[in-house]
Structures are given as C-alpha cells and as structure tokens.
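Which residues pair, and where do they lie?

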Amino acid sequence: MNSIRKLSILLLLAAASTTVPVLAQETIPDSLPNQYVFTIEAAITDALVLGDSVDGQRLAIPITGGSVHGADINGEVIPGGADYQVLRADGSRWIKAVYMIRTDDGVIINVENQGVIVPPADAQATAYFRTSPRFTAPLGKYGWLNSSIFVCGVRFNPQQPGRVLIDVYKVL
C-alpha cells in the first residue's frame, strides 16, 4: 500500500474515532460576520530601539496600564507588558503585543495580540492596522474568550497621546 493511501486511511480512522462531530461549510461565505465585544485602551510609552535583526529593525513599546470596557467584560490593563515590533524593508511593521488584563472581579486574562501595520499609500489615507488576539482566560465566566477567533481594529485618539485603542470583534 502506498504511503498516501496509508495516510488517508489513518486520517479517516482518526476522524471516525472522534466523539465530537464536525460539520464543515459547503460553500464559500460572502463574508465572515463579526460582533463588537469590547475595547482595550492601552497606555504606552516611547519605543525602545532594540536594533537591527535579519528581519528588520526591532522595537519594543512598553505597555504601562490602561482599561478594558465592554458589555461582558470590564477591567484594567496590568502594567508590564510590551508591544514588540519589527520594521520591515517594505515599510510595514509586524507586531506582537504580550500583556495581561485584570477584570473588575479580579480575574487575570493573558493576551497575545499579533498583527500588521501598513503605512497609508497617500497622506490623506489612514494606516492599515489590524491584529488578531489570543486570549487565555481561566474556565468560568470568561471562558468564552478561549473558544473564539477575534480580530481588532487599532486606532489612536490625537487628544490622548500615549494611548492606543484596540477595538475587539468576535468572528461569528
């Protein structure tokens, strides 16, 4: 029996032995619906230049606090995280922020948020700044954060320098 056929049989056996049925979509959706869930307002300080790497110039932007506001979650950003960035040759930035939030009822949730910033094509446009966070929450009240995909639009308020607003949407 050839190796491709063996692999196919193993995959079929593995799928048959699962206890949870999985149904796949049959058609390509026009779009993926989403729902706004909350905003993270992160306080940041000046970037620390970490130097050049094989990927580009590395930066770290310390996260010094902030708040979280939404219908089902409210709390604070715990100081001590950072937003790590790599400035690439094409002018875009790859980012990975790592920090924690503490809800108003004392629950600690870890956040790892990765994404990209693409500068605008002209002076009138805005940058493309999108991320996808992964939350790690304890089981219980905030367990819903562990079992969904989220995307974010990130924005700045000129009246609040040193603040980043991260609008979090759940992909439905």
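Lys141 is exposed in this predicted model, with a relative accessible area of 58%. The side chain of Lys141 forms a salt bridge with Asp105. The structure holds 6 salt bridges, and three of them are described below.

**Asp105 and Lys141**
- The closest N and O atoms of Asp105 and Lys141 are 3.3 Å apart.
- Asp105 is partly exposed, at a relative accessible area of 43%.
- Lys141 counts as exposed because its 58% is over the 50% cut-off.

**Glu76 and Arg102**
- A salt bridge joins the side chains of Glu76 and Arg102, at 2.6 Å from N to O.
- This pair links distant parts of the chain, 26 residues apart: Glu76 belongs to strand β4 (residues 74-87) and Arg102 to strand β5 (residues 93-103).
- Glu76 is partly exposed, with a relative accessible area of 34%.
- Arg102 is partly exposed, with a relative accessibility of 34%.

**Arg88 and Asp90**
- Arg88 and Asp90 form a salt bridge in which the closest N and O atoms are 3.8 Å apart.
- Asp90 is exposed, at 56% relative accessibility, whereas Arg88 is partly exposed, at 32%.

**Background**
- Side chains of opposite charge can pair when their charged atoms come close.

Terms used: Residues numbered from 1 in each chain as written. Predicted model: local features only at pLDDT ≥ 70, side-chain atom pairs only at ≥ 80, totals over all residues. Heavy atoms only, no water. Salt bridge = Lys/Arg side-chain N within 4 Å of Asp/Glu carboxyl O. Helix = DSSP H or I, 4+ residues; strand = E, 2+ residues; numbered from the N terminus. Buried < 20%, exposed > 50% of the residue type's maximum accessible area, 1.4 Å probe, protein only.
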